[in-house]
Every structure is written in structure tokens, then in C-alpha cells.
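Hi,

Here is the structure I promised to pass on. Have a look at it first, and then read my notes below.

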Amino acid sequence: MIIKSHNKLEELGAFILLLNDEQYTTPVEVLSGSSIGQHVRHIIEFYVCLLREKPTGFVCYDDRERNHKIETSRLFANVAIENIIIMLSEIESDRPVKLKANFSIHPQEAVILESSLFRELAYNLEHTIHHEALIKVAFNQLNIAGIILGDFGVALSTVRHENKKKIR
């Protein structure tokens, strides 16, 4: 697979299993009261939304199904991540996708944009890293930062750049 989203998802799944239920569900003040579980749910739902588009050819992240069991059960979330990884491994080629989105507060202003499965997977990978960065902030707030690797929540381009600097 060209877009290696599964690596970040495997990492996320491993980290949430290191937490206890309280750490996973506790509202974190610096995240405006959201929990690690809520950020994990958000990540998972974007992948599920994209991977379910095939029958229609449309993806609309705004209209995604919100499954609150993901944000309250680490084990359920981990199974969802494993299922996404399996679905990603079955993708053999790119295909056109129509992205329905609304970049306004007005409900009647949705637009349809031409995209592709690989482009949306790239977006989901960057979206995952962005939310991992927020989860990392939560880890710090909850005094559990010691369980995460240094590049958790760091853009892959930044990791490559830092690695290049170390070689010099």
C-alpha cells in the first residue's frame, strides 16, 4: 500500500492498550474537556467513513456515524483499528472518490469535490497524526507521557528531517 496509514494506526492501537479505562475516558482540560477516547473515536470514524464509500462513490466526513462505544472502550476501539488495518491491506489500487464537504456554518452550502481514495487516505494519515499530537498533550496532562515514543504525533516529514540532522 502506497499510503502506510496502518503503521500509525497500529501505533495508536498499541498505545491505547497501555492506558487504563480512566485515563482513556477522562476529560482533559487542555483539550477543552475532550478525552483521549474521543480523539481516538474521531480518528477511527474518518477511516470507517472513507472505507465505506465504495457503494456510493461519495465520502462525507461531516455525515459520519458517531459510535460512542469507541470513546469509552479501549478494547472496542482497538478491534475497530484492527478491522481498519485489515480493510486497508485489501486496497489494491486508487480510484476516484467524490468528497462531499461543507466549509461553512450554513447547512445548504455543501460542495462536491473530485478526489481519490489514495488522496483521502493521505488526508486520513495526516488527520491521524494531528490527533495523535493532541493525544500526546493529553498524555502530558495526565502525567503518563512516559509511555509514548518521541515521534508519536509528529509529522512523518518532521521525523525524516530530524533523522537527517542526526546523520550529519
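Start at the surface, where Phe103, Val111 and Leu113 make up a nonpolar patch with about 290 Å² of accessible area together. A patch here takes residues with over 30% relative accessible area and no salt bridge, joining like charges within 9 Å and nonpolar side chains (Val, Leu, Ile, Met, Phe, Trp, Tyr) within 5 Å. A salt bridge would be a side-chain nitrogen of Lys or Arg within 4 Å of a carboxyl oxygen of Asp or Glu. The areas are Shrake-Rupley values with a 1.4 Å probe, and for residues only the protein chains shown count as cover. Phe103 sits in the loop between strand S2 (96-101) and strand S3 (111-116), and Phe103 is exposed at 67% relative accessible area. Exposed means over 50%, buried under 20%, and partly exposed in between, again with a 1.4 Å probe and protein chains only.

Before you go further: this is a predicted model, so local features need pLDDT of at least 70 and side-chain atom pairs count only at pLDDT 80 or more, while totals for chains, interfaces and linings use all residues. Residues are numbered from 1 along each chain as its sequence is written, and side-chain values use heavy atoms, with hydrogens and water left out.

Now the overall picture. The protein chain has 7 helices and 3 strands, in the order α-α-α-β-α-α-β-β-α-α along the sequence. Helices (H or I, at least four residues) and strands (E, at least two) are DSSP runs, numbered from the N terminus. Of the 168 residues, 43% count as buried. Contacts (heavy atoms within 4.5 Å) reach across the sequence: among those with a separation of 6 or more, 68% join residues 24 or more positions apart.

Helix H1 (residues 5-18) is worth a look. Its buried residues include Leu9, Leu12, Phe15 and Ile16. The buried residues of H1 pack against helix H2 (21-25), helix H3 (36-51), helix H5 (74-89), helix H6 (117-141) and helix H7 (156-167).

And what does Glu132 touch, leaving aside its neighbours within four places in sequence? Glu132 is in contact with Lys8, Glu11, Leu12, Phe152 and Gly153. Glu132 belongs to helix H6 and is buried, with a relative accessible area of 0%. From Asn102, Glu132 is 30 residues away in sequence and 24 Å away in space, C-alpha to C-alpha.

Cheers
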